[in-house]
Amino acid sequence: MDNTKASSVVDVLSEALPYIQKLNGKTIVIKYGGNAMTDENLKIGFARDIVLLKQVGVNPVVVHGGGPQIADLLERVGKESQFIQGMRVTDTETMDIVEMVLGGLVNKSIVTLINQQGGRAVGLTGKDGSLIRARKMQMSSNDDVPELIDLGHVGEVHTIDPSVVSMLDKDNFIPVIAPIGVGENGESYNINADLVAGKLATVLGAEKLLLLTNTVGILDKKDKLLTGLSTKQVDKYIADGTIHGGMLPKVNCALDAVKSGVKTSHIIDGRVEHAVLLELLTDEGVGTLLKG
């Protein structure tokens with residue numbers, strides 16, 4: 001290694017050190033989805049990031065999505081996907097496929113990838129240890145006289161029992177959680193992974209919530225990245241239409257977590273290799289930070 005390269009390595013480690021010290025022993029909840037779950041290089045980079053965090057004393061908890069993988073399997077079995085207001089209608093047959101994909105194929109592939117990089121990951125769904133108690137999501141039509149729309153097995157978080165996650169953290173395992181909840185009568189519910197990650201971060205008293213997306217973060221009206229935003233600033237940007245459309249649910253999830261006690265929420269660009277480490281351990285970061 002030449003002196004220039006050695007110096008650059010030292011600079012990186014020196015910059016990371018205060019962040020590592022601050023995060024030691026803290027819990028970070030990371031919602032993993034989008035391009036980061038489908039691009040092979042990004043997948044390996046993500047797994048290495050998670051293993052490194054655990055190695056330096058951080059407790060990462062991964063919550064993953066899997067919409068494209070669900071759509072792919074539904075298409076292969078000849079079942080058409082139906083969406084209402086952006087939510088997948090999930091009948092009993094579709095729910096069986098969702099459980100197969102999220103709780104099986106996707107979850108186990110993430111666990112395997114992390115373990116191949118030297119970690120000790122354990123896969124869970126929200127049904128394991130009654131981790132996520134769910135209830136049926138109620139959605140109204142947009143008509144002047146609204147009526148309830150039945151989305152089937154689409155749920156929302158009712159309660160979270162974090163004991164199984166805390167136990168795994170203490171034993172130096174890395175929990176990888178599929179966003180499937182269990183209802184009052186044992187029925188399964190598919191829940192939005194962002195919402196699960198946000199609620200889990202709140203219940204665990206997490207230091208940070210990271211939401212990986214396919215965008216650079218929150219942009220102003222001139223497409224400039226916004227970061228270091230307070231909850232009041234975010235509320236203002238929502239009110240004036242700066243934050244709108246598909247970004248709104250993600251921002252509201254991040255905002256709710258901060259308002260509920262999570263120190264900071266981060267909406268970061270999962271298309272950037274090693275985005276998790278760059279956001280957590282460098283001065284510049286790769287996304288939008290929201291704080292109280």
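Trainee: Is H266 buried or exposed?

Mentor: Buried means under 20% relative accessible area, exposed over 50%, and partly exposed in between (1.4 Å probe, protein chains only). H266 has 1% relative accessibility, so H266 counts as buried. This is a predicted model, where local features need pLDDT of at least 70, side-chain atom pairs count only at pLDDT 80 or more, and totals for chains, interfaces and linings use all residues. Residues are numbered from 1 along each chain as its sequence is written, and side-chain values use heavy atoms, with hydrogens and water left out.

Trainee: Which residues does H266 touch?

Mentor: Contact means heavy atoms within 4.5 Å. Leaving aside residues up to four places away in sequence, H266 touches K208, L209, L210, L211, E279, T288 and L289.

Trainee: How many salt bridges are there?

Mentor: Side chains of opposite charge can pair when their charged atoms come close. A salt bridge is a side-chain nitrogen of Lys or Arg within 4 Å of a carboxyl oxygen of Asp or Glu. By this rule there are 13 salt bridges. One of them joins the side chains of D194 and K31 (3.4 Å, N to O). D194 lies in helix α6 (residues 193–204) and K31 in strand β1 (residues 27–32), so the pair ties together parts 163 residues apart in sequence. Helices (H or I, at least four residues) and strands (E, at least two) are DSSP runs, numbered from the N terminus.

Trainee: Are D194 and K31 buried or exposed?

Mentor: Both D194 and K31 are buried.
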